[in-house]
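Welcome! Here are a few exercises on reading a protein model, each with a worked solution. Have the sequence and the 3D view ready.

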Amino acid sequence: VLASADTATVLRVWAGAGYPRRALALRETARRCMEQHGGGLPREESALLALPGVGPFTAAIVQCFGWGDDGAAVDTNVVRVLGRLVHGDVQPATETSASAIRATSEALLPRGESGRWNAALMDYGARVCTPRAKCEACVVVLDCAARPSATASAIRPQNSLIERAASSLPGIGWSMWSGSQSVSQTATIGMDNLRASWTARS
């Protein structure tokens, strides 16, 4: 129905939702799915990203929740969690590069469990690792590179992860990144603890 709807109808139905260009992009996506993908959403990331209005986050959501495939979904909540926990940045939205967050999210993604992982990570950022972080409720606070030091309230510098990686909780192996430069080491952190604990509590 949407694919064949005229512009006036689409905009009338969309009225009040804001950003009318999104409604037109959605219609164009519906048309392409009908013409190129048999009436459904494509499975491959490259095909999803070729659709109007579909970016990396939406593509990953479709992959993991729609198809059950692996895909790292990165929203503002995930940026906060990974930027603080892994990169030691207090305000990751402005301090951690997008490429660093993307590399980290891909490296930590537990294959075959991306749906549960993405949901837990986004929810964790929305409920615990909030803009005003609730560190007292965090299940991986001891592994957080941005947590306050024992002697001061100042946040640890970004390179604290490198110093502490070897002694962190057993976790998933991943290639550590700092900014856009690969640190070419393998570290383990307690992300599996976050995954198991938060999924069980949610």
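Of the 202 residues of the chain, 40% count as buried, where buried means under 20% relative accessible area, exposed over 50%, and partly exposed in between (1.4 Å probe, protein chains only). You are looking at a predicted model, in which local features need pLDDT of at least 70, side-chain atom pairs count only at pLDDT 80 or more, and totals for chains, interfaces and linings use all residues. Residues are numbered from 1 along each chain as its sequence is written, and side-chain values use heavy atoms, with hydrogens and water left out.

**Exercise 1**

Find how many helices and strands the chain has, and in which order they run.

*Solution.* 
- Step 1: count the elements. There are 10 helices and 2 strands; these are DSSP runs numbered from the N terminus, with helices being H or I of at least four residues and strands E of at least two.
- Step 2: The order is α-α-α-α-α-α-α-α-α-β-β-α.

**Exercise 2**

Work out where arginine 32 and glutamate 28 sit relative to each other, and how their side chains meet.

*Solution.* 
- Step 1: look at the side chains. They meet in a salt bridge, with 3.2 Å from N to O; the term asks for a side-chain nitrogen of Lys or Arg within 4 Å of a carboxyl oxygen of Asp or Glu. The structure holds 5 salt bridges.
- Step 2: locate the pair. Both residues belong to helix H2 (residues 20-36), and because they are 4 residues apart, about one helical turn separates them.
- Step 3: check the surroundings. Arginine 32 is partly exposed at 27% relative accessible area, and glutamate 28 is partly exposed at 29%.

**Exercise 3**

Now try arginine 102 and glutamate 106: what joins their side chains?

*Solution.* 
- Step 1: a salt bridge joins them, at 3.4 Å from N to O.
- Step 2: the two lie 4 residues apart in helix H7 (residues 98-108), so about one helical turn lies between them.
- Step 3: arginine 102 is partly exposed at 28%, as is glutamate 106 at 31%.

**Exercise 4**

Which parts of the chain does the pair of aspartate 69 and arginine 43 tie together?

*Solution.* 
- Step 1: the two residues form a salt bridge, their closest N and O atoms being 2.6 Å apart.
- Step 2: aspartate 69 is in the loop between helix H4 (56-67) and helix H5 (76-85), while arginine 43 is in the loop between H2 and helix H3 (45-49), so the pair ties together parts 26 residues apart in sequence.
- Step 3: arginine 43 is partly exposed, at 38% relative accessibility.
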